[in-house]
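Thanks for asking me to look this one over.

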Amino acid sequence: MKYYLLALLCILFGGCYYDVEEELYPSLDCATEGVTYSATVVPLLQDNCYACHDAEANFGGVTLEGYDRLQTYVNNGELLGAIRHTPGFSPMPNNAPQLPGCEIEKIVVWVEAGAPNN
Ligand code: HEC
C-alpha cells in the first residue's frame, strides 16, 4: 500500500513538473507573432470555452464572451490560472484535456502584451 502511494505521488508530481517545463521552454515551432484578440483569442475561446462560458450558458456565473467581460478574468488572473491548471484555480476546460501548450502560450502572450482589444 505504501509503495502504491509513493508511485502515485511520483506520477502526480512528474505530471506537474512536465507542465512547468513546457511553460518555461515553449516549443520553438509555436508561432506567437501577430497574436490578436479577434484573430487568435476569440476563436480559441469559441472552440474550447464558449460551450459553457458564452453569455447564454454562463456556467459557474462565468461569461468569457465579449472583450469587456473577458477583461474581468484577465485582470483577476483566473483566465491564465484556469488554462495553465495553476493550483488554486479551477482547471479548464472543465472535464476535458488541457489545451495544447502552444494555444496556452498564445493566450499568455496576448495577456502579457496588456490584453489589447485588437
Ligand atoms: C464543460 C463546461 C466547461 C468548459 C468547456 C469550460 N468551463 Fe470554465 N467553468 C465551468 C464551470 C462549471 C465553472 C464553475 C465551477 C468551477 O469553478 O469549477 C467554470 C469556471 C471557470 C472559471 C472560474 C475559475 C475559478 O478558478 O474560479 C474560469 C476563469 C473558466 N471557467 C475559464 C474557462 C476557460 C478559459 C475555458 C476554455 C479553455 C473553460 N472555462 C471551459 C465549466 C466549463
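Predicted model: local features only at pLDDT ≥ 70, side-chain atom pairs only at ≥ 80, totals over all residues.

**Notes on the ligand site and the helical core**

1. In Ser-90, an N or O atom of the side chain is 2.7 Å from an oxygen atom of the ligand.

2. His-53 deserves a paragraph of its own. This residue lies in helix α3, which covers residues 50–53. Is His-53 buried or exposed? Its relative accessible area is 10%, so His-53 counts as buried, the cut-off being under 20%. Setting aside neighbours within four places in sequence, the contacts of His-53 are Asn-58, Phe-59, Val-62, Thr-63, Leu-64, Glu-65 and Met-92.

3. Now for the overall layout. The protein chain has 6 helices and 0 strands, giving the pattern α-α-α-α-α-α when read along the sequence. Of its 118 residues, 29% count as buried. If you take the contacts between residues at least 6 apart in sequence, 50% of them join residues at least 24 apart.

4. Spanning residues 101–112, α6 has 12 residues and reaches 16 Å from first C-alpha to last, close to the 16 Å expected at 1.5 Å a residue. Its buried residues are Ile-104, Glu-105, Ile-107, Val-108, Trp-110 and Val-111. You will notice a glutamate in that list, Glu-105. Which helices do the buried residues of α6 pack against? They pack against α2 (37–48), α4 (67–75) and α5 (78–84). After α6 comes Gly-114, with a positive phi near 95°.

5. In soluble globular proteins, nonpolar side chains tend to be buried together. Here the largest nonpolar core has 24 residues, and those touching the most other members are Tyr-37, Leu-70, Val-74, Leu-79, Ile-107, Trp-110 and Val-111. At least two residues of this core come from each of α2, α4, α5 and α6. Leu-70 shows how the parts join up: not counting residues up to four places away in sequence, Leu-70 touches Tyr-37, Val-41, Leu-45, Leu-64, Leu-79 and Trp-110.

6. The structure holds 2 aromatic pairs. In one of them, the ring centres of Tyr-37 and Tyr-67 are 5.2 Å apart and their planes meet at 80°, so this pair is edge-to-face. Tyr-37 belongs to helix α2 and Tyr-67 to helix α4, 30 residues apart, and the pair thus links distant parts of the chain. Tyr-37 also pairs with Trp-110, and this pair is stacked, at 5.7 Å centre to centre with 25° between the planes. That pair links distant parts of the chain as well, from Tyr-37 in helix α2 to Trp-110 in helix α6, 73 residues apart. Tyr-37, Tyr-67 and Trp-110 form one aromatic cluster. As for burial, the relative accessible area is 9% for Tyr-37 and 1% for Trp-110.

7. Finally, two threonines. Thr-36 lies in the loop between α1 (2–24) and α2, and at 18% relative accessibility Thr-36 counts as buried. Beyond its neighbours within four places in sequence, Thr-36 is in contact with Val-41, Trp-110 and Asn-118. Thr-40 lies in helix α2 and is buried, at 13% relative accessible area. With the neighbours within four places left aside, the contacts of Thr-40 are Gly-34, Val-35 and Lys-106. Thr-40 and Glu-103 are 63 residues apart in sequence, and their C-alpha atoms are 9.0 Å apart in space.

Notes. Residues numbered from 1 in each chain as written. Heavy atoms only, no water. Helix = DSSP H or I, 4+ residues; strand = E, 2+ residues; numbered from the N terminus. Expected span 1.5 Å × (residues − 1). Buried < 20%, exposed > 50% of the residue type's maximum accessible area, 1.4 Å probe, protein only. Contact = heavy atoms within 4.5 Å. Phe/Tyr/Trp six-rings, centres within 6.5 Å; stacked < 30°, edge-to-face > 60°. Polar contact = N/O pair within 3.5 Å; in protein donor to acceptor, adjacent residues only side chain to side chain. Core = buried A, V, L, I, M, F, W, Y, C linked by side-chain atoms within 4.5 Å.
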